[in-house]
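Subject: Structure handover

Hello,

Here is the structure I promised. Please open it alongside this note; my findings follow below.

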Amino acid sequence: MDAWAVRFEDAAPVRAFKSYKGQRHLPGLWWSSTVGGHIGYESWLERDHVMLLDFDPSVVGISSQPFWLFWRSDAGKSVSHAPDYFARRNDGTAVVVDCRQADRRKPRDVAKFEATQTACSQVGWEFRLVGAPDAIVVRNVRWLAGYRHPRHRPEPVASELLAAYSEPQPLMGGASSVGDRSGCCRCCFTCCGRTS
């Protein structure tokens, strides 16, 4: 088992994210600040979980559909499964994630998830089978994620703001110390209700 040394967080998806008329799930690409590029998803459930992985400060790499697992069932039939995500943490550990709503886990799928968990444990990886995340957390993280793209961190302002807020202080005080606060994000003023 040499899988532990492979950089699965850098792997290209082993299968394409298909889109077709009448499709029940909506595939797409999530822009990840962790990897500085897009990560594919096959449903909004997967999108929500890749967004949460991207927001986790311990995660340093993520890939979607990172590898195939092949095995034979008890009946001798060939079975395969590509997990939804692989994530590498900053301590070198890894987690493999499969996304499926609890009420949509058929026995055949459960067998695949159990086999994936067994394979992961053999190489020392954590395995997570996840369902719907907390809706409020998802909404908050989705809103915050919109500001993680580099286009929202123009230099030198971003570095100056990080330095200004290295210690807690009032919003307007930190913004004023960087310069003209009219250049700051107007939504902060709206949310805080402050005008001075």
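E126 and R128 make a salt bridge, with their closest N and O atoms 3.0 Å apart. (A salt bridge here is a side-chain nitrogen of Lys or Arg within 4 Å of a carboxyl oxygen of Asp or Glu.) E126 counts as partly exposed because its relative accessibility is 32%. R128 is also partly exposed, at 30%. The cut-offs: buried is under 20% relative accessible area, exposed is over 50%, and partly exposed lies in between (1.4 Å probe, protein chains only).

Two points on the source. This is a predicted model, in which local features need pLDDT of at least 70 and side-chain atom pairs count only at pLDDT 80 or more, while totals for chains, interfaces and linings use all residues. Residues are numbered from 1 along each chain as its sequence is written, and side-chain values use heavy atoms, leaving out hydrogens and water.

Back to charges. The structure holds nine salt bridges. D10 meets R7 at 2.7 Å, N to O. Both D10 and R7 are exposed. E9 pairs with R88, the closest N and O atoms being 3.2 Å apart. That pair links distant parts of the chain: E9 lies in the segment before β1, R88 in strand β6, 79 residues away. E9 and R88 are both buried.

Now strand β6, residues 85-89. (Strands are DSSP runs of E, at least two residues; helices are runs of H or I, at least four; both are numbered from the N terminus.) Five of the five residues in β6 are buried. Y85, A87 and R89 sit on one side, F86 and R88 on the other. β6 runs antiparallel to β3 (residues 59-64), with five bridges. Strands pair if DSSP finds at least two bridges between them. I62 stands opposite A87. β6 also runs antiparallel to β7 (residues 94-99), through four bridges. There, F86 has V96 as its bridge partner. The hairpin of β6 and β7 has four residues between the strands, and G92 takes a positive phi near 90°.

Last, helix α3, residues 135-145. V138, V141 and A145 are buried. The buried residues of α3 fall within an arc of 75° seen down the axis, so they line one face of the helix. (The arc is that of the directions from the helix axis to the C-beta atoms.) I136 and R139, on the other side, are exposed. W143 counts as partly exposed because its relative accessible area is 47%.

Best wishes
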